Amino acid sequence: MFKYKLLTVAFLVVSLAGCASQDVPDPDPTDTTIGSEDGANTDGMDDRGLGDGEAIDYDPSQGELTNVIYFEFDSSELRPEDADVVSRHAMQLANNSGISVRLEGHADERGSREYNIGLSERRAQTVRRMLLIQGASAAQISTVSFGEERPAAFGNDENAWAQNRRVEIKYTD
Amino acid sequence: MRKFLVYICLISTLLTGIAQAELTIEITEGIKRRPIAVVPFGWEGNSQDMPLNVADVISSDLTRSGRFAPIAEDDMLQKPSSGVGLDFDDWSILGVEAVVVGRVTQTGDNAYSVQFQLFDVYGRDQLVGYRMPASRGTMRRVAHRAADMIYEKLTGIKGVFDTKVAYVTAEQQRDGSLYSLVVSDQDGENEHKIMESNDPIMSPAWSPDSRRLAYVSFEGNRSSIFIQTLRTGNRIQVSSKPGINGAPAFSPDGKQLVLTLGGVDGNLDIHVLDVNSRQSRRLTTHRAIDTEGSWSPDGRFIYFTSDRSGGPQIYRVSVAGGTPERVTFEGSYNARPRLSPDGEKLAMVHLDRGNYRIAVMDVERKDLLVLSAGRQDESPSFAPNSDTLIYATRPGRNGVLESVTADGLIRQRLASGQGDVREPVWSPFQRF
C-alpha cells in the first residue's frame with residue numbers, strides 16, 4: 001500500500017521531468033588547455049566555442065522531489081530553499097485534481113507533548129497554506145499532527161531534533 | 001475502518017488480564033526515615049502458606065513512601081500476631097517508633113479475614129486496629145488499604161498505596177513502534193495493557209470514579225478521543241472532528257470532558273464536551289495555540305496552556321466562558337497545568353535554565369518550586385492526596401517514571417524494563 005503511493009509520486013515526478021527541456025549546451029571540451037612541460041600550468045584565453053547561447057526556463061519539476069520539509073527550532077516558517085519543493089507539490093496537486101495529500105506535522109521531543117501537537121500543526125498549516133495559494137484545492141489536503149510521538153530519528157541531541165522538526169507530504173488515493 | 005475498531009476492542013479485551021511487573025522502584029533522594037517494624041502476619045487456614053504475604057506488601061509500601069525504614073525480620077526480638085503478646089520494651093530497645101502486627105484467617109473456600117493493629121512504642125498504645133474481609137483476588141488491595149491507614153496515622157497524610165497509575169509505552173519494533181496504554185497498581189504490580197496500537201496513543205486521563213480512561217489515539221492516521229471502561233475493555237469514540245482532537249480531561253463530576261480541537265485550519269482551542277449528549281462548546285477563540293486544559297477541583301475554572309503572549313504560559317478561564325486570565329509569569333515556558341486535588345498547588349512543565357522540569361506553584365502565594373532534576377521532564381500528575389506527583393523523565397534514550405513529594409524532599413525512580421514509558425497519570429482514590 002505504502003509502496004504503491006511512493007510509486008505514484010515517483011511516476012508523476014518522472015512524467016513531469018520528461019516535459020522539461022534537456023537542451024543545455026555542452027561545454028566546449030577544448031575550452032581549457034593545460035601545459036605542464038615546463039612545470040608551469042597555463043590557461044589559454046582562446047574564445048573559440050563562444051556562441052549566442054539560449055535562455056533556460058525555470059522548471060521546478062526537475063530533479064528528485066522530496067516529501068519532507070524541515071523546520072528550524074521553535075519555528076513554523078518555511079525555509080527559503082524549501083519554497084520550490086512546496087511549489088512543485090502544489091503544481092502536482094493543481095494539475096491532478098484526483099490526487100490528494102496528507103500533511104503530517106512533527107515536532108522535536110522538547111517540552112510538553114500536547115503543546116508540541118500544536119507546534120507541529122502550525123508547521124503542517126504553513127505547508128497547507130502554501131499549497132492552497134499555489135492552486136491546490138482544500139479538498140485535496142488533510143493534516144494530521146503527531147507532535148513528538150513519531151520521531152524520524154531517536155536521540156537527545158540537536159542532530160536528532162533537527163530531523164524530527166518536519167512536515168511529511170504523503171500522497172493518498 | 002469499522003473492522004479495525006472492532007479488532008482494537010478485541011485486542012484490548014484480550015490484553016486485560018495479562019499481568020507482569022514492569023515497574024521497580026529505586027529511591028534516588030530522601031529525608032531521614034523513621035524506624036518501624038512490620039511483624040510477619042500470623043496465618044490460620046487450610047494451606048501451608050497464606051495466599052499473600054500481607055506484611056511484606058505493607059512493609060514495601062511504607063519503604064517506598066521514603067518516610068519509613070522497616071527493620072529486618074532477623075532483628076525482631078518477638079513476632080506477635082496481635083497486641084495481646086506485645087512487649088513494648090522489646091521494641092523500644094531497638095529504637096523502633098511503631099509496630100504493626102496482624103494475622104490472616106481463612107473463613108471459607110475463597111474467603112479470608114485480614115486484621116492488623118498499629119502500636120505507638122513510646123506511647124505504649126494502639127493507634128489503629130482494623131479487620132477486613134478479603135478474597136485471594138482482593139487481598140493485595142486489602143494490604144494496600146491497611147498500609148494507607150497506617151501511613152495516615154503516622155504522618156497525618158492520606159495514604160495512596162491503594163491507587164493505580166496509567167501510562168503509555170512505546171516499544172520500537174522492526175517496522176515502527178508499538179504503543180500501549182497500561183494500567184497498574186501504583187507499586188507497579190498488576191499491570192494490564194488495556195489498549196495496543198501501531199499508531200501513537202496519548203494523553204490518558206482518569207474519570208473521577210477511576211473506572212474509565214479517556215485517551216487520544218491516532219489509529220487510521222487521524223486523532224480521535226476515546227473513553228474506555230476498564231472492567232469491560234469496551235470503548236466509545238467521543239470526538240473525531242477534522243484536524244486535532246486532543247488533550248482530554250474529565251470534569252470533577254465526570255460528565256464533561258475538556259479537550260482541544262484544531263479544525264481544518266489548525267487553530268487549537270479549548271472546548272468542553274458533554275459526554276452523554278456529545279454536545280460541545282468552545283471556550284477559547286484566540287488564534288494562538290490553546291491546549292492542555294484541566295479543571296480546577298471545584299469545577300469552576302479551566303486551566304490551560306496558551307502561547308498568545310509569545311511562548312507557552314498558563315492561563316485560566318471560567319467554565320462559563322469569558323476572558324482568560326494569565327496565571328504564570330516566571331520564566332519563558334510554562335505548560336501542561338494540573339491542579340492538586342486540594343486546589344492549593346499548580347503543577348506544570350517549566351523551562352528551568354535550559355531544562356524542562358516539573359515545578360509547582362502555590363496558588364495563593366504564587367511562588368514556584370522546581371521539583372525535578374532532569375533535562376526533559378514532562379506530564380506531571382498529582383496523587384489524590386495532593387502530597388506526591390508522578391511524571392516522566394528521560395535520563396537516556398528511553399523515558400522512565402519518577403515520583404516526587406510536592407515539597408521536593410523525596411524523589412524516586414520507577415524503572416521500567418520495556419520501551420519508552422511516558423505520560424503517567426495517577427488515579428483518584430479507589431472505591432473499595
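Chain A is treated first. Its secondary structure comes to four helices and four strands. Along the sequence these elements follow the pattern α-β-α-β-α-β-α-β. Chain A has 173 residues, and buried residues make up 33% of them. Contacts between residues at least 6 apart in sequence were also examined in chain A; 74% of these join residues at least 24 apart.

The average pLDDT is 78, and 65% of the residues score at least 70. Over residues 1–42 of chain A, pLDDT stays under 50. For this stretch the model has 27 contacts beyond four places in sequence. Where pLDDT is low, the predicted coordinates should not be read in detail.

Chains A and B touch each other. The contact takes 22 residues from chain A and 32 residues from chain B. On the side of chain A, α3 (113–133) and β3 (141–147) each supply at least two residues. Helix α3(A) gives the most to this side, with nine residues. By class, the side of chain A that touches chain B divides into six nonpolar, seven polar and nine charged residues.

Chain B is assigned two domains. Domain 1 covers residues 2–22 and 165–426, and domain 2 covers residues 32–155. The C-alpha centres of domain 1 and domain 2 of chain B lie 36 Å apart. The contact between them takes four residues from domain 1 and five residues from domain 2. The side of domain 1 that touches domain 2 has one nonpolar, one polar and two charged residues.

Helix α2 of chain B spans residues 54–64. Nine of its eleven residues are buried, so the helix is largely enclosed by the rest of the structure. The buried residues of α2(B) are B:V54, B:A55, B:V57, B:I58, B:S59, B:S60, B:D61, B:L62 and B:R64. In an α-helix there are 3.6 residues a turn, so residues three or four places apart point the same way. After α2(B) comes B:G66, with a positive phi near 80°.

Chain B also holds an open sheet of four strands. Their order is β10-β9-β8-β31, and the pairing is antiparallel. The edge strands are β10 (192–197) and β31 (420–426) of chain B, each of which pairs on one side only. Neighbouring strands of this sheet are turned by 20° against each other on average, direction ignored. Strands of a sheet pair through backbone hydrogen bonds, either parallel or antiparallel. Strand β8(B), residues 164–173, pairs with β31(B) in the antiparallel sense over five bridges. The partner of B:A166 in β31(B) is B:V425.

Most residues other than glycine have a negative phi. B:A247 is not a glycine, yet its phi is positive, at about 50°. This alanine lies in strand β15 (residues 245–250) of chain B. B:A247 counts as buried because it has 32 C-beta neighbours inside 10 Å. B:S379 likewise has a positive phi, near 55°, and is a residue other than glycine. The place of B:S379 is in strand β27 (residues 378–382) of chain B. With 27 other C-beta atoms within 10 Å, B:S379 is buried.

One further residue of chain B, B:T393, was examined for its surroundings. B:T393 is placed in strand β28 (residues 388–393) of chain B. With 23 C-beta neighbours inside 10 Å, B:T393 counts as buried, because the cut-off for a buried residue is 20 or more. Leaving out residues up to four places away in sequence, B:T393 touches B:S372, B:G374, B:Q376, B:D377, B:G399, B:V400 and B:E402. B:T393 and B:V421 are 28 residues apart along the chain, and their C-alpha atoms are separated by 8.8 Å.

Methods: Residues are numbered from 1 along each chain as its sequence is written. Chains are lettered from A and ligands numbered from 1 in the order in which they are written. This is a predicted model: local features need pLDDT of at least 70, side-chain atom pairs count only at pLDDT 80 or more; totals for chains, interfaces and linings use all residues. A residue is buried if 20 or more other C-beta atoms lie within 10 Å of its own, exposed if 12 or fewer, and partly exposed in between; C-beta atoms are placed from the backbone. Two residues are in contact if their C-beta atoms, placed from the backbone, lie within 7 Å. Ala, Val, Leu, Ile, Met, Phe, Trp, Tyr, Cys and Pro count as nonpolar, Asp, Glu, Lys and Arg as charged, and the others, Gly among them, as polar. Two strands pair if DSSP finds at least two bridges between them. Axes are lines fitted to C-alpha atoms, for helices over the stretch in contact, and angles run from 0 to 180 degrees between N-to-C directions. Domain bounds come from an automatic or database domain assignment. pLDDT is the predictor's confidence in each residue, from 0 to 100.
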